[in-house]
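Dear colleague,

Please find below the structure that I am handing over to you. My findings follow it.

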Amino acid sequence: MERDEEAVHRMPVATGPSIVTGAHEVPVMASGIPSTDASEPEVPPETLARTASVSADAGHDVAIGLAQPNRLQLIDEDQHFSGALFHDHLSQWGMLEAGFGYDICAVLGSQSTGKSTLLNRLFGTNFDVMDDRARQQTTKGIWLCRGMDRNVLVMDVEGTDGRERGEDQDFERKSALFSLATAECVIVNMWENQVGLFQGANMGLLKTVLDVNLTLFQVGRARAGAPKEKTLLLFVIRDYIGTTPLANLESTIRADLQRIWASLTKPEALAGAELGDFFDVSFSALPHKVLQAKEFDEGIAQLQRRFIDRSDPQYVFQTEYHKRIPIDGLPHYLESVWEQILQNKDLDLPTQQELLAQFRCDEIAAAAAAAFAAAMTALRSALDAGQVLATLGVDMASHRAEALAVFDKDASRYHRGVYARKRADLLLQLNAVLLPFFLAQLKNLHTKLASAFQQAMQEGTRGASYDFGRLVEEHVAHALAAFDAETQRLVLPDTDWSVSEERMHLEEDLRAVARTLRADETQKLAVRLEKDIRRHLAEPIEAALSEPDAGMWDRVLGVWRDACDRAAALYRERAAHLNTTPDEDAATVGRLHMVAWRALLDRVQESTSETVLASRLRAFFEDRFRYDASGVPRVWKPSDDMDDAFVQARDATLALIPLYATMQPETPPTVAGDEDTPSWDEARRVLSERRCAELGRRFRRDADAAYVEAKRGTVSSMTQVPWWMYVVLIVLGWNEAMAVLHSPVYFTLLCMVLASAYVVWRMNLAGPMLTVTTHMARELRALGEQQLRVYLDAPSAAHPAAPATEARPAVSESAEPRLPASF
């Protein structure tokens with residue numbers, strides 16, 4: 001269980017502590033500095049009476065904590081524990097609801113070394129401090145106080161090596177052991193000049209305490225398999241002047257601790273344990289409190305930050321140090337620890353009969369477990385290959401029963417308690433071996449059922465008509481039923497195995513597969529509808545744009561609305577079987593609308609491109625200029641008013657450019673658009689002003705060319721050959737015609753030419769013959785040009801070039817004009 005961090009931040013704020021000096025109380029701030037505010041509330045008489053109560057359980061008077069607000073004498077100098085008062089003080093401090101959100105810190109050290117002063121400065125407590133005028137014992141027993149106005153319990157432990165107790169070190173050892181067993185952090189307070197001393201640095205006391213701590217507390221947890229408890233040993237070196245580097249002092253103390261640990265006789269369960277398994281060691285140095293007061297205060301502030309700031313790398317109250325005792329059970333726990341220390345009970349050692357039973361049962365269990373593991377190995381390969389073994393549950397139960405039977409046969413003759421305990425351990429071991437087989441079977445079964453479900457759904461959706469939601473529910477129920485039937489045989493008795501979580505995951509995966517298939521089907525349907533939209537928009541939009549008038553854009557947008565309505569109706573009709581939600585339907589219909597809108601804009605852009613629109617304007621102009629109102633082609637005569645017809649046709653055509661430039665329907669659509677699609681306001685402008693001007697110029701050039709061509713045709717029709725010229729030609733050519741008719745040769749040639757012309761006309765060979773003749777002429781011309789170039793280049797190739805001084809006369813005498821290469 002992890003530490004309740006939230007409880008730490010819910011610490012209630014208690015009344016500030018105070019320092020008792022004589023008969024007066026001086027309030028203390030959180031930093032430990034006495035306050036001048038004299039408004040500290042008095043302690044109620046009931047509290048004083050309760051604090052001075054008599055412990056009936058102890059059988060004699062116990063004077064504890066008289067008139068000491070915010071602190072409690074937890075254990076007095078006579079070694080009596082005040083459990084009832086501890087609970088009352090926790091309630092008074094508002095800590096009963098803290099749960100695990102509290103910390104405990106204790107201090108150890110020689111008498112009169114400033115332990116209480118250090119705690120008061122660090123935690124803002126109000127422990128009694130020694131009068132500098134008389135060096136005598138101040139702290140008696142173990143005192144407890146709440147520190148820092150936080151859920152921190154601070155224990156001020158009676159100092160060691162005091163003259164009041166003399167050679168009696170019993171309480172010193174017990175109080176030190178109590179601190180190590182209950183506190184998260186134990187501050188070891190020592191002077192710098194005590195480092196390296198055995199008794200002066202309390203190393204002898206630590207050796208005794210560590211030895212008893214291992215035997216009394218740690219070995220039991222080790223045998224029970226519980227995790228080791230750790231405690232932080234924080235060595236605070238007082239009156240540090242810096243002559244000896246702190247690192248050297250740390251090395252000395254660590255070496256002393258390791259030497260002490262190595263000299264301990266450790267229990268068998270902790271034979272290989274190291275000091276670091278139970279204790280972390282940290283160090284801090286403080287200057288002289290009087291001679292270096294400013295530096296001492298700075299050192300106190302730095303050390304205090306280690307107890308408060310969780311982000312500090314050397315933060316003291318780490319989670320691993322907490323004893324995991326809820327605060328409402330802390331009084332009983334501390335009292336039981338103290339009682340155990342007082343009685344100094346060693347753990348009961350097993351008898352020789354139990355030792356023999358443990359040894360033999362372990363041997364028998366090991367042999368049974370080895371045979372069991374060998375029998376189960378044969379099933380592993382099939383499970384690793386992804387197979388679902390139908391008889392796995394039966395096989396596991398059979399092999400486990402055989403292993404237990406072997407153990408029962410030989411081990412039941414030994415000590416009953418050991419036999420029962422070892423049999424339970426063996427059963428747990430066998431179940432642990434079987435657990436991977438169980439989990440592998442569940443995994444393979446999960447995969448198999450999910451694959452079968454997907455295949456069944458794909459086959460079910462191939463039909464022409466199906467209800468997707470019904471298919472999902474049927475196949476999910478079938479897969480879960482198969483899972484339940486298989487796992488019922490798989491779960492063995494005497495195990496804590498559960499398949500509910502795996503069943504839940506399987507159902508979630510099946511639902512996810514169904515959602516994926518439904519999304520795929522929806523996507524396919526949407527793609528088909530998108531193609532249908534584009535197909536139904538193409539020709540109607542082209543036809544509407546081919547007939548430009550005031551209602552052109554209304555017809556275009558009407559086609560778009562019809563396509564949207566048709567696609568939405570088809571989607572809702574087909575999506576009714578996909579078990580889609582209204583939100584999904586609305587999103588898909590909106591997507592189809594946007595697809596239709598993009599298709600409309602793309603088609604409009606194609607139909608209004610510069611080439612297409614110029615061709616359309618030219619055709620519109622020619623329909624009005626070259627044809628009359630009845631659609632009959634015009635043959636212009638000198639008497640026709642060609643200029644007026646040209647102007648009317650040109651102006652009517654130019655008026656179409658603004659019509660194509662902007663969409664101006666009577667009922668504009670409402671299209672919001674998105675990142676990839678323009679809205680209605682952005683898309684209604686089809687042609688920019690520059691494109692309109694360019695189209696106008698281009699059309700005028702085409703119109704002027706058509707007008708000039710028509711004018712030329714009119715002039716050519718006006719320049720006709722007079723009729724009397726034909727009479728002159730007949731009279732002058734009569735003799736030649738008669739000569740041809742009377743000559744057999746000429747007449748035969750004429751007949752052949754006429755016959756050939758008739759054949760060519762009847763068989764439509766004029767085009768092919770013209771093509772062949774053209775190619776032959778082109779080839780003959782190319783051949784002639786090639787031969788001519790060869791002839792012209794021959795003299796220059798036959799004679800070498802003359803010297804530069806003779807070149808100019810030779811050119812003037814023999815130069816001939818050359819044809820260009822393109823001739």
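Positions taken from UniProt are given in the numbering used here, and such annotations may be inferred rather than shown by experiment. With that in mind, the unreviewed UniProt entry places a "transmembrane region" at residues 745–761. Please note that the model is predicted.

Of its 823 residues, 39% are buried. Among contacts with a separation of 6 or more, 74% join residues 24 or more positions apart. The accessible surface is about 46,100 Å², and carbon and sulfur atoms account for 55% of that area.

Helix α11 covers residues 392–411. Its 20 residues reach 28 Å from the first C-alpha to the last, close to the 28 Å expected at 1.5 Å a residue. The buried residues in α11 are Leu392, Gly393, Met396, His399, Arg400, Ala403, Leu404, Phe407 and Ala411. These residues lie on the same side of α11 because they cover an arc of only 145 degrees around the axis. An α-helix has 3.6 residues a turn, so residues three or four places apart point the same way. The exposed residues Val394 and Lys409 are on the face of α11 turned away from the buried side.

Finally, Arg616 lies in helix α17, which spans residues 610–625. Arg616 counts as buried because its relative accessibility is 14%, and buried means under 20%. Leaving aside neighbours within four places in sequence, Arg616 is in contact with Glu542, Leu545, Ser546, Ser607 and Tyr660.

Yours sincerely

Note on methods:
Residues are numbered from 1 along each chain as its sequence is written. This is a predicted model: local features need pLDDT of at least 70, side-chain atom pairs count only at pLDDT 80 or more; totals for chains, interfaces and linings use all residues. Side-chain values use heavy atoms; hydrogens and water are left out. Helices (H or I, at least four residues) and strands (E, at least two) are DSSP runs, numbered from the N terminus. Buried means under 20% relative accessible area, exposed over 50%, partly exposed in between (1.4 Å probe, protein chains only). Contact means heavy atoms within 4.5 Å. The expected span of a helix is 1.5 Å times one less than its number of residues. The arc is that of the directions from the helix axis to the C-beta atoms. Accessible areas come from the Shrake-Rupley method with a 1.4 Å probe; for residues, only the protein chains shown count as cover.
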